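Trainee: Could we go through this one together? I'd like to get a picture of how the chain is laid out before I look at any details.

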Amino acid sequence: TECTSGCVCPEGLFDDGRGGCVEEQNCPCVHNNQWYHPGEKITVDCNTCTCKKGVWSCTEHMCYGTCTIYGSGHYITFDGKFYDFDGSCEYVATQDFCGNKSSGGSFSIITENVLCGTTGVTCSKAIKMFLGKTELKLENKDYKEIQRDIGEDVRYWNRTVGLYLVIEASNGVMLIWDKKTTVFIKLSPDYKGQVCGLCGNFDDKSNNDFTTRSGVQETNALTFGNSWKQSSMCSDVTEVIKPCDVKPHRKSWAEKECSIIQSEVFKICHSKVDPKPFYDACVHDACSCDSGGDCECFCSAVAAYAQECTKAQACVFWRTPDICPIFCDYYN
């Protein structure tokens, strides 16, 4: 709506949206409520956008997709759908054994969820990554490799980056694990629309992410999540757990701690990434982690928001000696 020629400015000049009249090539652009001058560049995912005559001109690279699983049952799918699912069993996070290709896939990532705290919420305790005939099990801050008899040879590399263990495979699958309850799964664009599981189908549409194992589209997160359990011996999840209702004495502490997400500290990120679902998830986790590890649950929840902010080009220095400190010298 900005930069239109007409009644506001003399013929040939354009309203720049800030009370001035400029020539067309000097029109600014807007992104996330911020103004940018002509020629300025921003990064959106893996693409670079340049402001030209009031319009963004962007490169069109195909980007890696990221699925995030963190804390007590919080999921952000490849297509950006945010939902909660608390089940204690092994579940398919993502795989390319889908539909009529159920025998010809090359990878599968399973998350093993266990109870964390006394309210009934669950956290990811272990991750199993199947790459061809190699099985990797990530558990207890370490991983081990198991060779199986069936499957192709898929090469992989591992490295430690700061807090994270990164496993990168030759088939375009990458897993980043904080050795606690946070997992990022990255897939190359070749997998668009080819995957299934709790992380959705990576087809750039979030409204069909709740596709069950049998291919039915669901609206209910519990029915969807239950369909991806690995063992029929596990019971289905039938109710959404609200830990702050179960432990009301923890609620005010949780809200006070988690308010950092909605505070000035993260102000530059608020217009780029909606803090509300991350704040709610943080309060949920801070209420539920009541058997040790209170701070770990809180820190993981804030770190998840900080991670999304970084992806949106809003780098926030939120850790302090009092709030979730990290001994950088050690990790560097």
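Mentor: Let's start with the contacts, keeping in mind that this is a predicted model. Of the contacts in the chain with a separation of 6 or more, 47% are between residues 24 or more positions apart.

Trainee: OK, and how many helices and strands does the chain have?

Mentor: There are seven helices and 19 strands in the chain. Along the principal axes, the C-alpha atoms fill a box of roughly 75 × 50 × 45 Å, and 46% of the 332 residues are buried.

Trainee: Which domains is the chain divided into?

Mentor: The assignment gives domain 1 at 14-58, domain 2 at 65-227 and domain 3 at 243-312. For domain 1 and domain 2, the C-alpha centres are 38 Å apart.

Trainee: Switching to cysteines: how many disulfides does the structure hold?

Mentor: It holds twelve disulfides. One of them is formed by Cys89 and Cys234, with 2.1 Å between the sulfur atoms.

Trainee: Where do those two sit in the chain?

Mentor: They link distant parts of the chain, 145 residues apart. Cys89 is in the loop between strand 10 (82-84) and strand 11 (90-95), while Cys234 is in the loop between helix 1 (221-227) and helix 2 (243-246).

Trainee: What about the handedness of that link, and is Cys234 buried or exposed?

Mentor: The link of Cys89 and Cys234 is right-handed, with 75 degrees about the S-S bond. Cys234 has a relative accessibility of 17%, so it counts as buried, the cut-off for that being under 20%. Cys89 is buried as well, at a relative accessible area of 7%.

Trainee: And which residue does Cys98 pair with?

Mentor: Cys98 forms a disulfide with Cys196, and their sulfur atoms are 2.1 Å apart. This pair also joins distant parts of the chain, 98 residues apart, with Cys98 in the loop between strand 11 and strand 12 (107-115) and Cys196 in the loop between strand 19 (183-187) and helix 1.

Trainee: Why is that one called left-handed?

Mentor: Because the torsion about the S-S bond of Cys98 and Cys196 is about -95 degrees. As for burial, Cys98 has 15% relative accessibility and counts as buried, and Cys196 is buried with a relative accessible area of 11%.

Trainee: What does Cys299 bond to?

Mentor: Cys299 and Cys324 form a disulfide in which the sulfur atoms are 2.0 Å apart. Cys299 is in helix 6 (residues 294-311), and Cys324 is in the loop between helix 6 and helix 7 (328-331), which puts the partners 25 residues apart. Their link is left-handed, at -90 degrees about the S-S bond. Cys299 is buried at a relative accessible area of 14%, and Cys324 is buried at 7%.

Trainee: Let's move on to pockets. What volume does the largest pocket have?

Mentor: Its volume is about 820 Å³. The lining has 33 residues, and those nearest the centre are Val44, Asp45, Glu308, Lys311 and Ala312. Strand 4 (34-36), strand 5 (41-44), strand 8 (65-70) and helix 6 are the elements that give two or more residues to this lining, with strand 5 giving the most, four residues.

Trainee: How do the residues of that lining divide by class?

Mentor: The largest pocket is lined by 13 nonpolar, eleven polar and nine charged residues.

Trainee: And the second largest pocket, how much space lies in it?

Mentor: About 690 Å³. It is lined by 22 residues, of which Leu163, Tyr164, Gln307, Arg319 and Ile326 are the closest to its centre. The elements giving two or more residues to the lining are strand 17 (164-169), strand 19, helix 6 and helix 7, and helix 6 gives the most, with four residues.

Trainee: Which domains does that lining draw on, and what is its makeup by class?

Mentor: The lining of the second largest pocket takes at least three residues from each of domain 2 and domain 3. By class, it has 15 nonpolar, five polar and two charged residues.

How values were computed
Residues numbered from 1 in each chain as written. Predicted model: local features only at pLDDT ≥ 70, side-chain atom pairs only at ≥ 80, totals over all residues. Heavy atoms only, no water. Disulfide = S-S within 2.5 Å. Buried < 20%, exposed > 50% of the residue type's maximum accessible area, 1.4 Å probe, protein only. Domains from an automatic or database assignment. 1 Å grid on protein atoms, 1.4 Å probe; cavity = no way out; pocket = protein on both sides within 12 Å on 5 of 7 lines; lining within 4 Å. Points joined across faces, edges and corners; volume = space filled by probe spheres on them. Nonpolar A, V, L, I, M, F, W, Y, C, P; charged D, E, K, R; others polar. Contact = heavy atoms within 4.5 Å.
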